[in-house]
Amino acid sequence: MNPKVLLTGRPGCGKTTLIKRVVDHLVLPAGGFYTEEIRQGGDRVGFKIVTLEGEEAVLAHVDFNTTQRVGKYGLDLRVLESIGAEAICAAVRARRIVVIDEIGPMEIRSPVFCDVVNHALDSPDVSGILGTISARSFPFTSAIKKRHDITLIELRPNNREQLILELSGKFTT
């Protein structure tokens with residue numbers, strides 16, 4: 001069975017950094033996306049989605065005047081659906097390792113994204129799933145964490161370095 005590994009942990013603990021480092025060590029092809037903070041003058045002002053193919057767009061920003069909001073950020077769910085969800089679908093179709101960073105409070109606002117994540121998790125064709133998931137409880141994320149086929153790993157400062165090689169090794173065959 002192909003590995004399905006989700007990292008969880010406190011905000012800022014290095015989940016995205018670890019995902020990017022593991023992807024750099026992968027032998028098998030991967031597709032999907034990760035998120036990056038947008039900083040301005042030392043302050044976090046938003047988040048962008050970056051696909052493993054290099055496409056990027058702003059998902060959330062303090063200056064977005066939208067009805068969909070999480071905290072101080074306005075969300076552009078169309079970006080998540082057209083770039084993030086599509087990158088996941090393309091990775092599933094290509095039978096690659098699917099990278100999903102992240103399944104969190106912003107992303108789960110999109111029913112399209114939630115459907116795509118479930119499809120990827122249920123697909124027997126992917127080479128594996130490597131992602132991050134919110135440590136906070138939401139109905140959607142809690143259901144994923146309870147799946148029998150998911151390995152959930154809490155990222156902490158004392159296990160971060162060992163996980164790079166450990167996770168890279170899970171996705172080699």
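Reader: Hi! Where is proline 157 found?

Author: Proline 157 sits in the loop between β9 and α5. Those labels follow DSSP runs, numbered from the N terminus: helices are H or I with at least four residues, and strands are E with at least two. Before we go on, this is a predicted model, in which local features need pLDDT of at least 70 and side-chain atom pairs count only at pLDDT 80 or more, while totals for chains, interfaces and linings use all residues. Residues are numbered from 1 along each chain as its sequence is written, and side-chain values use heavy atoms, with hydrogens and water left out.

Reader: Thanks! Is that proline buried or exposed?

Author: Proline 157 is exposed, with a relative accessible area of 68%. The cut-offs are under 20% relative accessible area for buried, over 50% for exposed, and partly exposed in between, using a 1.4 Å probe and protein chains only.

Reader: And how many residues separate proline 157 from cysteine 13 in sequence?

Author: They are 144 residues apart in sequence, yet 7.2 Å apart in space, C-alpha to C-alpha.

Reader: Let's move to the sheet. What is the strand order?

Author: Nine strands make an open sheet with mixed pairing, and the order is β5-β6-β4-β3-β2-β7-β8-β1-β9. Two strands count as paired if DSSP finds at least two bridges between them.

Reader: Which are the edge strands?

Author: β5 (69-70) and β9 (151-154), each of which pairs on one side only.

Reader: What joins β9 to β1?

Author: Four bridges, and the two strands run parallel. Valine 5 has threonine 151 of β9 as its bridge partner, and leucine 7 stands opposite isoleucine 153 in β9.

Reader: And how many bridges join β1 to β8?

Author: Four again, between β1 (residues 4-8) and β8, also parallel. On this side, valine 5 stands opposite leucine 130, and leucine 7 has threonine 132 as its bridge partner.

Reader: What about β7 and β8?

Author: β7 (residues 97-103) runs parallel to β8, with five bridges between them. Isoleucine 100 stands opposite glycine 131 there. To get from β7 to β8, the chain passes through helix α3 (residues 111-122), and this β-α-β crossover is right-handed. That is, with the strands pointing away from the viewer, the path from the first strand over the helix to the second runs clockwise.

Reader: Nice. Which strands does α1 lie across?

Author: Helix α1 (residues 15-25) lies across β1, β2 (30-40), β7 and β8, running at about 160 degrees to β8. α3 packs on the sheet as well, touching β1, β2, β7 and β8, and its direction makes about 140 degrees with that of β7. Here axes are lines fitted to C-alpha atoms, for helices over the stretch in contact, with angles from 0 to 180 degrees between N-to-C directions; contact means heavy atoms within 4.5 Å.

Reader: How do α1 and α5 pack?

Author: Their axes are 9 Å apart, and the angle between α1 and α5 (residues 160-170) is about 40 degrees. That makes α1 oblique to α5, given that angles under 35 degrees count as roughly parallel, over 145 as roughly antiparallel, 65 to 115 as roughly perpendicular and the rest as oblique. Leu18, Arg21, Val22 and His25 of α1 are in the contact, with α5 residues including Leu163, Ile164 and Leu167.

Reader: And what about α2 and α3?

Author: The axes of α2 (residues 77-93) and α3 come within 10 Å and cross at roughly 10 degrees, so α2 is roughly parallel to α3. Among the residues making the contact are Leu80, Ala85 and Ile88 of α2, and Val112, Phe113 and Val116 of α3.

Reader: Last one: where is arginine 95?

Author: Arginine 95 is in the loop between α2 and β7. Its phi is near 60 degrees, a positive value in a residue other than glycine.
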